[in-house]
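Please keep the sequence and the structure open while reading.

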Amino acid sequence: MRTARSTIDCTVRGLSRDTATIEVMSTSGIPDQFELAIAADALSRACRITAKADNRIEVAFT
């Protein structure tokens with residue numbers, strides 16, 4: 001079984017234990033749930049979008 005994976009360039013503007021704020025070029029096409037991976041911090045967490053505004057996304061870790 002193949003699992004489709006894509007990456008989206010983003011900038012993390014805020015990060016807490018339960019949430020993150022990320023900035024993207026466009027929120028179009030970003031699924032409601034995805035995995036946020038920050039290689040430099042060895043962080044990989046499943047999350048869901050809680051808010052979108054312009055090019056900013058708020059997520060809660062699941």
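## Exposure terms and the model

A residue is called buried under 20% relative accessible area, exposed over 50%, and partly exposed in between. Ala42, with a relative accessible area of 74%, is therefore exposed. The coordinates come from a predicted model.

## Sheet layout

Five strands make up an open sheet with antiparallel pairing, and their order is S1-S2-S5-S4-S3. Strand S1 (10–15) and S3 are the edge strands; each has a single partner strand, so one side of each lacks a neighbour in the sheet. On average, neighbouring strands are turned by 40° against each other, direction ignored.

Strand S3 (residues 33–38) and strand S4 (residues 43–53) run antiparallel and are joined by six bridges. One of the pairings sets Gln33 against Arg48 in S4. S4 also pairs with strand S5 (residues 56–61), again in the antiparallel sense and over six bridges. Here Ala53 has Arg56 of S5 as its bridge partner, and Cys47 has Phe61 of S5.

## The two hairpins

The hairpin of S3 and S4 has four residues between the strands. Ala42 lies in that loop, and its phi is near 55°, a positive value in a residue other than glycine.

The hairpin of S4 and S5 has two residues between the strands. Asp54 belongs to this loop and has a positive phi of about 50°, although Asp54 is not a glycine. Is Asp54 buried or exposed? With a relative accessible area of 75%, Asp54 counts as exposed, because the cut-off for that class is over 50%.

In soluble globular proteins, nonpolar side chains tend to be buried together. The largest nonpolar core in this model has 11 residues: Ala20, Ile22, Val24, Ile30, Phe34, Leu36, Cys47, Ile49, Ile57, Val59 and Phe61. The elements that give two or more residues to this core are S2, S3, S4 and S5.

Phe61 is a member of the core. Leaving aside neighbours within four places in sequence, Phe61 is in contact with Leu15, Ser16, Arg17, Asp18, Thr19, Ala20, Leu36, Arg45, Ala46 and Cys47. Of these contacts, Ala20, Leu36 and Cys47 are also listed in the core.

## Cysteines

How many disulfides are there? The count comes to zero.

Thr21 lies in strand S2 (residues 19–24). Its relative accessibility is 14%, and because this falls under 20%, Thr21 counts as buried. The side chains of Thr21 and Glu58 are joined by a polar contact of 2.8 Å. Not counting residues up to four places away in sequence, Thr21 touches Thr11, Val12, Arg13, Gly14, Arg56, Ile57 and Glu58.

Thr27 is placed in the loop between S2 and S3. With a relative accessible area of 16%, Thr27 is buried. Beyond its neighbours within four places in sequence, Thr27 is in contact with Lys52, Asp54, Asn55, Arg56 and Ile57. One of these, Asp54, lies in the loop between S4 and S5.

Thr50 is in strand S4 and counts as partly exposed, at 47% relative accessibility. Leaving aside neighbours within four places in sequence, Thr50 is in contact with Glu58, Val59 and Ala60. Thr50 and Val12 are 38 residues apart in sequence, and their C-alpha atoms are 15 Å apart in space.

Key
Residues numbered from 1 in each chain as written. Predicted model: local features only at pLDDT ≥ 70, side-chain atom pairs only at ≥ 80, totals over all residues. Heavy atoms only, no water. Pairing = 2+ DSSP bridges. Buried < 20%, exposed > 50% of the residue type's maximum accessible area, 1.4 Å probe, protein only. Polar contact = N/O pair within 3.5 Å; in protein donor to acceptor, adjacent residues only side chain to side chain. Contact = heavy atoms within 4.5 Å. Core = buried A, V, L, I, M, F, W, Y, C linked by side-chain atoms within 4.5 Å. Disulfide = S-S within 2.5 Å. Axes fitted to C-alpha atoms, helices over the stretch in contact; angles between N-to-C directions.
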